[in-house]
Structures are given as structure tokens and as C-alpha cells.
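Me: I am new to this structure and would like to understand its pockets. Could you walk me through them?

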Amino acid sequence: MNFLKKLVPQAAAEVQQLSRSSIHTSVVCCRVQSGRYRITTKRNRALTYEMANPPHFIGHRKSWNSWNTSTLKDALRPSQTAIEDVFIRKFVTGTWHALVCSEIIIKRQHNTIRIAALIRQAITPRKMYFLIGYTEELLSYWMQCPVTLELQTVGDKKDVVFKYI
Amino acid sequence: MSAGLTRLWERLPLKKHAAQSRIRVFSNQDQPEIEDDEEFRVLSLRTVKQQFQRRQQVRRDPITPPRTTRMAVDQDWTAVWPGPRSFHPASVPLPLRQGFTERGAAAPSKFANAELMKIPNFLHLTPPAIRQQCEAIKRFCTPWPKGLETEAKWQRHFPIEVTTTDYCQSLPTIRNPEARKVTVSLKLSDLRFDSHSRDKFLRLVGDRYNKETDILTIVTDRCPQKKQNYDYALYLLTACYHESFVTEPWEETKSEADMEEYLFERNQSKISAEGILNWNAKEGAPKESPSKSYANSVEQLINEGENEYNLGKYKEEVKKMLNIV
């Protein structure tokens with residue numbers, strides 16, 4: 001404000017008047033909540049590494065869950081790719097019901113889609129092999145391109161817990 | 001039973017005392033049975049389970065330890081990891097860690113680490129793997145043509161440079177509309193012109209010619225295919241070149257005001273200079289014409305403008321021509 005006072009005395013007076021009457025009664029709109037977790041009183045909410053780092057750390061402490069060239073500048077099919085990724089995520093979490101312990105990572109290379117995830121060892125290997133084939137077959141039919149599942153299994157749900165808040 | 005005993009006791013009065021004591025003993029023992037008999041029986045319509053059955057233990061197959069524990073030190077890594085794949089901790093015998101933690105704490109290990117699975121790895125492109133692949137494709141390679149070793153050599157044989165772009169993208173389609181663009185560039189000094197055709201060619205190509213680098217660049221993207229655009233670019237180049245050698249009848253009407261550059265040959269200054277040189281010359285004698293250096297200095301003076309150097313040079317030339325020392 002000081003530089004304004006020096007420049008134009010009249011403008012400075014107006015600014016002063018403005019600062020007296022500028023009380024905002026509206027709700028603050030800059031609240032950011034998505035991807036952030038509240039601390040519980042008992043400190044027993046389990047967070048994975050992915051959940052423990054809020055979205056603004058993407059590219060610093062954690063990386064993206066979808067890897068493709070559609071998000072580059074002037075690239076083709078950005079919206080279709082995003083919608084397909086959402087569909088793949090929903091389909092995999094539903095097919096591997098209560099077994100997926102992490103985010104589903106979708107990597108696209110040329111026309112191949114590679115899906116990686118952490119799976120709990122709660123079902124027999126035989127069922128797991130069936131589900132892998134089932135998921136790959138159906139997704140490749142819908143996406144019209146080869147789909148590969150690259151899973152890693154964990155013995156217990158608590159293996160993926162990074163910290164408790 | 002106690003009623004029967006009482007009756008027995010009444011029949012045998014002599015042994016009353018002994019019997020009494022015996023009865024007490026009996027009655028003490030049999031009391032629960034007596035009460036059972038007298039109580040109402042409960043009608044149970046549902047069979048209530050007396051004991052909770054113990055939950056059956058889920059039998060799990062024993063989980064095999066990670067493969068890395070059984071790997072030989074001198075194994076063939078290209079066979080373990082032949083192609084691009086997400087990271088798997090049980091197959092990579094490296095003590096990797098990734099992730100940000102509080103200061104002093106160790107980073108999360110490779111097991112159940114989603115961050116390691118996210119990042120692209122180059123475990124399939126180790127130096128031995130690349131060497132193997134190069135060996136495999138060596139038989140499809142041909143030797144470099146002789147006589148084209150250096151850039152200067154091959155630029156003499158191939159003056160035209162064609163630039164196209166292919167796009168690798170993670171999409172179900174391999175087509176990219178940007179791939180149709182073709183850029184053809186060449187040095188204008190590689191083409192042969194006379195003064196008229198060069199002037200006309202430059203007028204035809206317009207701003208596709210870069211004066212500083214002497215490079216002509218033609219970009220074509222109006223056809224849908226790369227091949228068509230390439231053909232079109234070469235057609236444009238050929239057509240412009242041949243058209244520049246054609247002199248149309250209306251080109252003769254170009255007057256002095258239309259000239260973009262001062263030419264000594266076409267101008268009054270040449271006639272004046274010849275007039276001065278041939279002053280008082282006899283009829284039939286060979287005409288003297290001004291020297292080439294004089295012509296150059298006049299052209300320079302008018303085309304580049306008057307500056308100290310040009311004026312000085314013009315002065316020298318005039319002195320030389322008129323033999324003024």
C-alpha cells in the first residue's frame with residue numbers, strides 16, 4: 001500500500017476506505033480435502049504409503065497410478081483413456097473382491113495395458129489363477145487390446161500399512 | 001423310590017432305626033432324581049445347541065519363500081527378466097528400497113511396495129541383454145555404403161533432406177494425424193539458375209526460402225497420407241523450378257520502377273559514362289565502356305545506400321575512369 005500512497009494520494013484514500021469495509025462473510029472456497037485423511041482420536045486409522053502422502057506430493061514422494069502418453073500435450077484420446085482407466089479400476093476391485101490392498105496401477109505401452117496391484121493371499125492359488133485369466137480375457141475383449149495382470153501378493157492386510165493416524 | 005422305602009419301613013418296625021439311617025443315606029444320594037421327576041418338562045420346539053462348534057481352521061497352502069533365495073549368483077538374468085514388466089520383489093535379488101519416511105527411519109522395503117511397481121524399470125535392458133539383442137539382429141544389417149563416410153560426402157550425393165515424424169503412443173491405434181507432415185529442405189546453391197529464373201523462383205517460393213542460411217524448406221500436410229505429402233512436396237519443388245525458367249510475355253513489360261534492385265546495365269548512368277568515355281571519338285572506332293569495378297561501385301552505392309566506404313570507393317573509381325590523379 002505504501003507505494004500507492006506515494007503514487008496517488010487519492011488512490012491511497014480509496015484503498016483505505018476499501019480496507020475498512022472489506023469483510024467477507026462468504027464461506028472460504030479454497031478448502032482442499034480430497035486424498036487427505038483425518039487423524040483419529042485413537043490413532044488407529046491404517047494408511048498405506050499411497051494414502052499417507054496427499055496428492056500434492058505426486059511426482060515428489062509418490063508417483064502416478066496411470067502411465068500413458070494421452071496426458072502429454074496435444075496427445076490423442078485423453079478423455080477416453082481416463083474413462084477406461086476408471087472402468088478398469090472398478091472392474092478389478094470388484095472382481096478381486098476385498099483382495100486388492102493397494103491402488104491399481106495401469107501402465108500403457110503401445111497397445112498393451114499392464115495392470116499392477118497388491119493382492120491379499122486370502123484365496124487359493126487356483127482361484128487366483130482363474131481370476132487372473134478371467135480379468136485379462138474380459139478386459140482385453142472390452143479394450144480391444146492385450147491386457148496383462150502383474151500382481152504381487154501379500155500375506156496380510158497389515159503388510160501394506162505404512163502408518164497409523 | 002422313597003415311597004416304596006417308606007412302605008418297607010412300615011412293614012418292618014423292628015429294624016426302624018437302622019432303616020432310618022439307611023434312608024437318610026439313600027435320600028441324600030437320590031435327591032436330584034426326585035426333584036427331576038417333580039419338575040415340569042420343558043417343551044423345546046427348537047433344538048438349542050448346547051455347545052458352540054469350534055470354527056474350522058482355514059487350511060492354507062504353505063507359501064513358498066521368494067525365488068531370490070534360490071537364485072544362483074551366475075544365473076542368466078535375461079532369462080529371468082526377458083521383457084518389460086512391473087517390478088516383482090520375489091524375482092529381483094536386489095535389496096531395493098523406495099519411499100519417503102521420517103528422518104532416520106528406513107525407507108519402505110521392496111516387499112509390498114507399490115511405488116516400486118509404479119515406476120518404469122529397465123531390468124529387461126541390462127547391458128548383456130542389449131548385447132544379446134544386437135547380436136541377434138546383426139544378420140539383418142548391411143554395411144554402410146562406401147564413399148559416404150562423412151557428412152560432406154553424403155550431402156553432395158543427397159542434397160535433399162526429407163524429415164518425417166513417427167509417433168509411438170500408448171493407444172489402441174498406431175495412427176497419428178501429425179505423422180502425415182513432410183518437410184523437404186535443400187540448399188538453394190545446389191540448384192542451377194540464371195539471374196531471371198532465380199529471381200522468379202524466389203518470388204514463387206516466397207517465405208519458404210531463408211536468406212540467411214540459403215535453405216529452402218517446403219512443408220506439406222494437406223494430404224492424408226505421408227507418401228502423398230512427400231510426392232506433393234517433390235512435385236512442388238519440380239514445378240517451381242521448371243516454371244522459373246519460363247518467361248511469360250508480360251514479364252517483358254517490367255519497367256525500371258518495378259525493378260527490385262539497381263542494375264548498372266539497364267540504367268542511365270551507363271549511357272552517361274559511355275558518353276563521357278567516347279567523347280570526340282571517331283566514327284567507326286570501337287566503343288569504350290566503363291570498367292566492371294566502376295559498375296560495381298555504382299550498384300553498391302545505390303543498392304546499399306550512401307555510406308563512407310561506398311562513397312570513398314565511388315570516388316576512387318570515378319578518378320580512375322577519368323584519369324584524374
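Reply: Happy to! This is a predicted model. Helix H7 of chain B, residues 195-205, gives eight residues to the lining of the second largest pocket, the largest share.

Me: What makes a residue part of the lining of the second largest pocket?

Reply: A lining residue has an atom within 4 Å of a pocket point. The second largest pocket has 19 such residues, and the closest to its centre are B:Ser195, B:His196, B:Asp199, B:Lys254 and B:Glu260. Its volume is about 830 Å³.

Me: Which domains of chain B supply the lining of the second largest pocket?

Reply: Domain 2 (151-253) and domain 3 (256-322) of chain B each give at least three residues to it.

Me: How many of the residues lining the second largest pocket are charged?

Reply: Asp, Glu, Lys and Arg count as charged, and the lining has 11 charged residues, beside six nonpolar and two polar ones.

Me: And what is the volume of the largest pocket?

Reply: The largest pocket has a volume of about 1,000 Å³. It is lined by 35 residues, and A:Gln121, A:Met128, A:Thr153, B:Ile63 and B:Thr64 are the closest to its centre. In chain A, helix H5 (125-143) and strand S5 (147-154) are the elements that give two or more residues to this lining.

Me: Which element gives the most to the lining of the largest pocket?

Reply: That is S5(A), with six residues.

Me: What classes of residue line the largest pocket?

Reply: Its lining has 18 nonpolar, eight polar and nine charged residues.

Note on methods
Residues are numbered from 1 along each chain as its sequence is written. Chains are lettered from A and ligands numbered from 1 in the order in which they are written. This is a predicted model: local features need pLDDT of at least 70, side-chain atom pairs count only at pLDDT 80 or more; totals for chains, interfaces and linings use all residues. Side-chain values use heavy atoms; hydrogens and water are left out. On a 1 Å grid over the protein atoms alone, a cavity is a set of points where a 1.4 Å probe fits but cannot get out, and a pocket is an open set with protein on both sides within 12 Å along at least five of seven lines; lining residues have an atom within 4 Å of a point. Grid points are joined across faces, edges and corners, and a volume is the space filled by probe spheres set on the points. Helices (H or I, at least four residues) and strands (E, at least two) are DSSP runs, numbered from the N terminus. Domain bounds come from an automatic or database domain assignment.
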